[in-house]
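Student: I am new to this structure and would like to work through it with you, one question at a time. Could we start by looking at it together?

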Amino acid sequence: MSHIHLPDGVLPVWLWVSGLIITILLGAILFRFSKKEELTRRLPLLGMMAAAMVIGASVEIVPIAYHINLTVISGILLGPSLIFLATFVVNMILALFGHGGITVIGLNTITLSVEGVFGYFLFRFFWRVSKRLSLAIFLATFLALFASTLSMIGVVGLGTSHYEELIHQDGKGILEFKLSKEKGEDHKGASEKGEVNLRRFISIILPLGFIGWLLEGVITALMARYIHRLRPDLLRLEGKTS
Amino acid sequence: MIQLSYLDYIAVEGKSFFHRLSPGLKIFGVVLILFGIVTLRNLSGLILLYAILLFLFSISRIPFRIFSLTFYPLIFAILFIFISGFQIHFILLVFLKALCGSTGIVLLLATTPYPMIFGVLGKFLPSLLVTSFFLTYRSIFILLNVLEETQHALYFRGGLQWRHPWRSLINISNVFGHLIIKGIDASEKMYESMVLRGFKNKIHYRGE
């Protein structure tokens, strides 16, 4: 839910090109400042976590079209820099399944990275404050998903003028589709009808997202509890859990 | 996701004209389709593009059950139409763009094995990224096997039932927790065997 499941050609070119450029720049900076040996050693782990995220994205909760992302738990296990590369790989593979367009890979990487990086730092913060694993993971996941949904809405909102342009393309093709237009309709009426309604989009996304954040928060907290029971070293926690 | 192995099988075993085309040419074709999707703004142009893709799909001898994959993006395109205030032209435009993109991609995936696609991408992208693609692709199959084995255990623990939401949540969380632990164990073994075979930052694919 928190990344953009838009097909290609809906977002304006400047927006998705900017997304790609920012992703490439961020990737280059992270690559430049990371230790090559460490990066190479952790590549199989990155591949495994990316694969888990791809599998998680294929488990659909049907009534609300939500799927779990596993980005926060991956962020906690991989760390803030590797999660960026992992989200790029995940978005590339998901796009090859038609799960989001190819052109929006850059924007999706940024949005999902926000989730992973925020999740990592929020978890560290809540853990330090509360020392309660389930609570810290739940709050970190919930807030990270909220943040990435807001960034997704922001990205979609940036394309408003482009959607209006697309809506007003009505009937300019070879085959004219005039299903929603009357001949005598004045221009003002038509433009009102064709207005982009971002509020309606937000009013649908946020309540659906809220259910999703709760679900993923609970699932991630339970998963972390399970991982902590069997392999506590993976979470790299300091101090005791309660 | 389970369809991935079937898609891979079709891509490797298929014998159509499309299967024999070079992967580079097919990827160039997908780029052209994407260019069409991004630039076309009228329904007639998109309908024409979709018709061409349907024709190509029909002559590529891909099993019909794979065609259902092309409808997957529509689930999410539905959410986006609320922006337009239910303008029929905009809805058709978004749906056709989604269908053209997914049909082009499925056509590529069902006729080209993944390693060949990554091999072509390796000419343009950094080796680290392409290695990540290879490892992720390999890991998906490893995790799918683990998932299949775990499904039996999940079934004995009550599986997923709407009547018992909390138990279902615990079960699904334990499955994914188990998947991650097994995945991390497998990744450590994978790295050891890669180093043993002389891995140095890059996986070389000979395209056979």
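Student: In which crossing, left-handed or right-handed, does α6(A) pass α7(A)?

Tutor: Keep in mind that this is a predicted model. The two helices to look for in chain A are α6, residues 105–130, and α7, residues 133–158. When α6(A) passes α7(A), the crossing is right-handed.

Student: How are α6(A) and α7(A) oriented, roughly parallel or roughly antiparallel?

Tutor: The axes of α6(A) and α7(A) lie 7 Å apart, and the helices pack at an angle of about 150°. Since angles over 145 degrees count as roughly antiparallel, the packing angle makes α6(A), relative to α7(A), roughly antiparallel.

Student: Which element gives the largest share of the side of chain B that touches chain A?

Tutor: The contact takes 64 residues from chain A and 63 residues from chain B. On the chain B side, the elements giving two or more residues include α3 (23–39), α8 (127–156) and α9 (165–196). The largest share, 16 residues, comes from α9(B).

Student: What separation is found between the centres of domain 1 and domain 2 of chain B?

Tutor: Chain B is divided into domain 1, covering 3–112, and domain 2, covering 120–196. Taken over C-alpha atoms, the centres of these domains of chain B are separated by 28 Å.

Note on methods: Residues numbered from 1 in each chain as written. Chains lettered and ligands numbered in written order. Predicted model: local features only at pLDDT ≥ 70, side-chain atom pairs only at ≥ 80, totals over all residues. Domains from an automatic or database assignment. Contact = placed C-beta atoms within 7 Å. Helix = DSSP H or I, 4+ residues; strand = E, 2+ residues; numbered from the N terminus. Axes fitted to C-alpha atoms, helices over the stretch in contact; angles between N-to-C directions. Parallel < 35°, antiparallel > 145°, perpendicular 65-115°, else oblique. Left-handed = near helix turned anticlockwise from the far one by under 90°.
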